[in-house]
Amino acid sequence: MTTRRSPSRLHRPANDNTPALVSKAFPQWIYDDSPIADPFGYGERAVEFLRRLRHPKSTLPGHRFVLDPWQERIIRAIFGPCDEHGRRLVRTVFLMLPRGARKTSLSSAISLLMTIGPEHTPAGESVFAASDRTQAGIGFREAADIIRADKRLVAATKIHDAFNAPKQVVYKRDNAVLKTVSSDGGAQHGGTPQFVLADELHIWKGRDLWEALRTGLSKTPGSLLVIATTAGRGQQNLAHDTFEYARKVASGEIEDPSFLPVLFEPAPDADWRDEAVWHAVNPGLSCNPPYPDIEGLRAMAREAEARPAEREAFRQFHLNCWLDHSTSPFVDMATWDEGAEAIDLNELAGEPCWLGVDLSSSGDLTVIVAAWRDGDGGYTTVPWFFCPAENLRQRQEAAGAPYVRWAAEGFITATEGNVVDFRAVEAKIREICAEYDVQEIAFDPALARVVLNNLQDDGLPAVEMRQGSLTMMPAIAELERAVVGRKLKHGGHPVLRFCVANTEVETNSHGHKVRLKKGKRWLSIDGTVASAMAVLRASLGDSAGSGSIYDDDGWQEALAAFG
């Protein structure tokens with residue numbers, strides 16, 4: 001059989017041009033009244049269970065749980081479709097909603113459906129999983145409050161939620177349990193959950209808990225994973241990998257009936273100030289009463305007009321735009337990606353090139369970037385990255401980027417020990433000099449004195465390029481000019497892309513960009529710094545060997561910017 005229609009027609013986003021406002025992955029099926037398969041009535045059963053719940057904040061008679069039409073469609077799409085044996089088809093749900101869309105209430109209700117409702121199994125284990133104990137406790141408290149709002153559920157369960165103690169709901173009749181775990185706690189290997197709610201996956205650090213839960217779910221027939229999250233930032237992290245898979249399933253590029261993507265995201269070129277976009281990606285704004293508060297959104301949007309950091313936060317958290325850069329981005333990453341065509345190093349043999357070298361000890365990546373001029377005012381750049389082998393996993397856990405995989409795939413050279421082996425870096429520089437026509441090797445001398453002297457002693461063109469504001473200002477400007485002008489070819493190197501996406505800029509009182517910086521300690525920007533150094537030296541060409549900005553006729557203008 002198929003599902004019945006909602007008791008009232010499903011509210012739609014407020015603008016008739018909704019398809020032009022949202023991404024291709026947008027769940028139009030939530031609004032099109034199309035039938036959702038329910039051959040065994042499990043979707044109807046799930047909806048009826050949720051409607052019988054109570055919520056202490058509900059304004060409905062008897063504090064009945066609010067299940068709005070758009071939410072009902074999602075529940076039916078999860079639990080209705082089954083194979084001929086009655087086995088649920090959907091095993092993973094990626095639910096990406098903006099803040100204020102009541103995803104915590106919906107997720108908590110689903111967890112009770114799987115713990116004490118018709119979808120539970122005797123002695124089954126359901127899990128609230130989050131980045132830390134506090135976040136995990138938010139969903140748990142919501143579920144506990146729903147139970148406490150109904151005396152029948154209070155009698156049927158035992159809630160353990162004492163401060164600083166493991167939190168659990170136990171269904172007394174057959175010992176099914178709902179508990180919390182977090183990625184900042186110990187390993188969770190060995191469990192066999194039937195249901196996992198992965199909350200705000202975009203802020204999880206590392207993959208240990210994720211892999212433990214996923215492998216545990218695979219052991220349990222009929223298990224269900226619900227990922228409930230707002231949009232995140234960057235590409236080199238656990239959440240983005242899953243998000244990209246959800247997009248491909250939603251667009252039909254991948255056929256996977258076990259994966260249900262629910263992505264409320266705007267079109268890439270949608271105007272963040274357009275309230276029609278707000279209504280399209282916030283399904284609750286079309287409900288009665290609407291949520292989140294539209295006046296609150298308008299106030300935040302007014303503030304975001306004048307403050308770029310607030311604008312990006314508004315787009316990420318309230319419009320569900322997955323951001324591909326830092327809070328104050330150096331360059332637009334979509335523009336950066338236009339330079340990702342493949343590079344044939346053999347074609348560059350014999351062509352003049354310039355190297356920028358940014359050395360580190362243990363806390364950052366070390367990188368060599370080579371830059372070639374292309375004759376049309378542009379550049380081709382190629383990086384070589386180094387990281388201590390003993391620090392790869394630590395950096396991966398802290399930054400959420402796949403350092404271990406990058407090293408295995410050859411994008412990072414892992415040197416022995418817990419500090420970068422500068423001998424390996426020096427050897428690579430000598431190798432590059434032997435293969436290409438290196439005109440200059442620019443170092444920040446802070447950590448480079450020994451390497452720089454060794455190269456100079458052997459007649460190689462190593463020079464100092466201090467990373468002070470006066471030197472870096474023209475370097476930043478030239479790199480930005482090349483990127484914005486689509487005149488930088490970089491081959492799409494993933495570690496370099498990660499560095500650029502992390503890069504923010506510091507400006508002086510005159511509005512000049514004088515320094516590259518990172519927002520968080522573990523977010524490397526070394527590749528961007530070395531690229532700016534290499535591109536600037538390449539732009540100066542034969543005059544770069546003078547080694548001083550004061551030999552350039554424009555130095556007075558540059559210096560005046562600091563007045």
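Start by selecting helix α18 (residues 494-502) and helix α19 (residues 526-540), which pack at an angle of about 95 degrees with their axes 7 Å apart. Axes here are lines fitted to C-alpha atoms, for helices over the stretch in contact, and angles run from 0 to 180 degrees between N-to-C directions. That makes α18 roughly perpendicular to α19, a label for angles of 65 to 115 degrees (under 35 is roughly parallel, over 145 roughly antiparallel, and the rest oblique). Helices (H or I, at least four residues) and strands (E, at least two) are DSSP runs, numbered from the N terminus.

Before moving on, a word about the model. This is a predicted model, in which local features need pLDDT of at least 70 and side-chain atom pairs count only at pLDDT 80 or more, while totals for chains, interfaces and linings use all residues. Residues are numbered from 1 along each chain as its sequence is written, and side-chain values use heavy atoms, with hydrogens and water left out.

Now show the side chains between the two helices. Leu 496, Cys 499 and Val 500 in α18 meet Asp 526, Gly 527, Thr 528 and Ser 531 in α19; contact means heavy atoms within 4.5 Å. The residues of this contact divide into 3 nonpolar, 3 polar and 1 charged. In that count, Ala, Val, Leu, Ile, Met, Phe, Trp, Tyr, Cys and Pro are nonpolar, Asp, Glu, Lys and Arg are charged, and the others, Gly among them, are polar.

Next, zoom out to the whole chain. Its secondary structure comes to 20 helices and 17 strands. Of its 563 residues, 53% count as buried (under 20% relative accessible area; exposed is over 50%, partly exposed in between, with a 1.4 Å probe and protein chains only).

Select helix α3 (residues 69-79) next. How many of its residues are buried? The count is 11 of 11, and the buried residues include Trp 70, Glu 72, Arg 73 and Arg 76. They pack against α2 (42-52), β1 (92-96), α4 (103-115), β7 and β8 (259-263).

Stay here for the largest nonpolar core. Of its 67 residues, Ile 75, Ile 78, Phe 79 and Leu 224 touch the most other members. Such a core is a set of buried Ala, Val, Leu, Ile, Met, Phe, Trp, Tyr and Cys residues joined through side-chain atoms within 4.5 Å.

Then go to Thr 230, in the loop between β7 (224-229) and α8 (238-251). Thr 230 is buried, with a relative accessible area of 1%. Which side chain does it join through a polar contact? The partner is His 202, at 3.1 Å. A polar contact is a pair of N or O atoms within 3.5 Å; within protein, one must be able to donate a hydrogen and the other to accept it, and residues adjacent in sequence count only if both atoms are side-chain atoms. Not counting residues up to four places away in sequence, Thr 230 also touches others, including Met 96, Arg 99 and Phe 317.

For the last stop, pick Val 277 in helix α9 (residues 275-281). Val 277 is buried, at 1% relative accessible area.
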